[in-house]
Every structure is written in structure tokens, then in C-alpha cells.
Amino acid sequence: MRDFIFVFRQTSYDQSNTTDQEKEVLNKKWNDWIGGIAAQGKLKNHGARLEPAGKVLKPGGVVTDGPFVEIRERLGGFIVIMANDLEEATTLAHGCPALDANGSVEIRPVFV
């Protein structure tokens with residue numbers, strides 16, 4: 001078994017009109033999907049959701065507000081899973097709720 005990281009990227013969208021019920025439904029989708037991976041004994045690290053705000057440090061000490069403000073996509077979070085190979089890891093990524101919101105899951109082996 002190898003470790004793989006799922007990096008969730010989401011398009012920026014306005015959530016100000018999202019109701020509490022819609023947020024609960026979305027949270028349940030995420031919990032069910034991650035729970036399914038955990039039930040298979042393949043979840044290694046639950047990772048974390050990331051706030052949209054932040055700073056980026058660039059060469060020469062240049063600091064900019066907000067990560068990757070020049071693109072429409074933002075990093076939403078990550079988890080670490082265990083799989084036999086990249087194909088199995090990709091299969092486990094299917095059903096990720098980020099895909100429902102036109103986002104993506106980047107699947108990367110962890111280098112050890």
C-alpha cells in the first residue's frame with residue numbers, strides 16, 4: 001500500500017445565498033464520501049478544509065494577499081488515503097462532492 005493525497009480544487013463561487021439546509025446537505029455528502037473511504041480502511045489522514053484567505057510568499061520576499069488570486073480555482077482542502085496504486089486511488093476519488101460543484105480532485109502519490 002502507498003499513500004496518496006487528494007487535493008480538492010474548487011471554482012470560486014458566492015456562498016452568501018446558501019441556506020443552512022443546503023450547507024448541511026453538502027456537509028453530509030462530504031462526510032458520507034470520506035466515511036466510505038474510511039469504512040474500507042483506506043483513510044490515513046482526514047486532512048483539513050482550508051479558509052479561502054491567506055498570503056503567498058514569492059521569491060524576493062514579495063507577499064501577496066490571498067492564495068492564487070490570479071486564477072478562478074482555489075485549493076479547498078485535502079485528505080490522505082492508502083491505495084495499492086494510482087488506479088485504485090483514482091477509483092476512490094470518484095464520487096467526491098467537489099466534482100458536483102465543477103471542482104476537481106488532484107490525485108498524487110506521496111513521495112517517501
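Reader: What does a side-chain oxygen of Asp 85 reach at the start of α2?

Author: The model is a predicted one. In it, that oxygen of Asp 85 comes to within 3.2 Å of the backbone nitrogen of Glu 87. A polar contact requires an N or O pair within 3.5 Å, and therefore the pair of Asp 85 and Glu 87 at the start of α2 meets that distance limit.

Reader: How do you know that the buried residues of α2 are on the same side?

Author: The buried residues of α2 are Glu 88, Ala 89, Leu 92 and Ala 93. Their directions cover an arc of only 145° around the axis, and therefore they lie on the same side of α2. Residues three or four places apart point the same way because an α-helix has 3.6 residues a turn. Glu 87 and Thr 91, on the other side of α2, are exposed.

Reader: Why is Gly 35 called partly exposed?

Author: Its relative accessibility is 32%. Buried means under 20% and exposed means over 50%, so a value in between makes Gly 35 partly exposed. Gly 35 is located in helix α1.

Reader: Which residues have the most contacts inside the largest nonpolar core?

Author: They are Phe 6, Phe 8, Trp 33, Ile 79 and Ile 81, in a core of 17 residues. The largest share of this core, four residues, comes from α1. Ile 79 touches residues including Phe 6, Phe 8 and Trp 33.

Technical notes: Residues are numbered from 1 along each chain as its sequence is written. This is a predicted model: local features need pLDDT of at least 70, side-chain atom pairs count only at pLDDT 80 or more; totals for chains, interfaces and linings use all residues. Side-chain values use heavy atoms; hydrogens and water are left out. A nonpolar core is a set of buried Ala, Val, Leu, Ile, Met, Phe, Trp, Tyr and Cys residues joined through side-chain atoms within 4.5 Å. Buried means under 20% relative accessible area, exposed over 50%, partly exposed in between (1.4 Å probe, protein chains only). Helices (H or I, at least four residues) and strands (E, at least two) are DSSP runs, numbered from the N terminus. Contact means heavy atoms within 4.5 Å. The arc is that of the directions from the helix axis to the C-beta atoms. A polar contact is a pair of N or O atoms within 3.5 Å; within protein, one must be able to donate a hydrogen and the other to accept it, and residues adjacent in sequence count only if both atoms are side-chain atoms.
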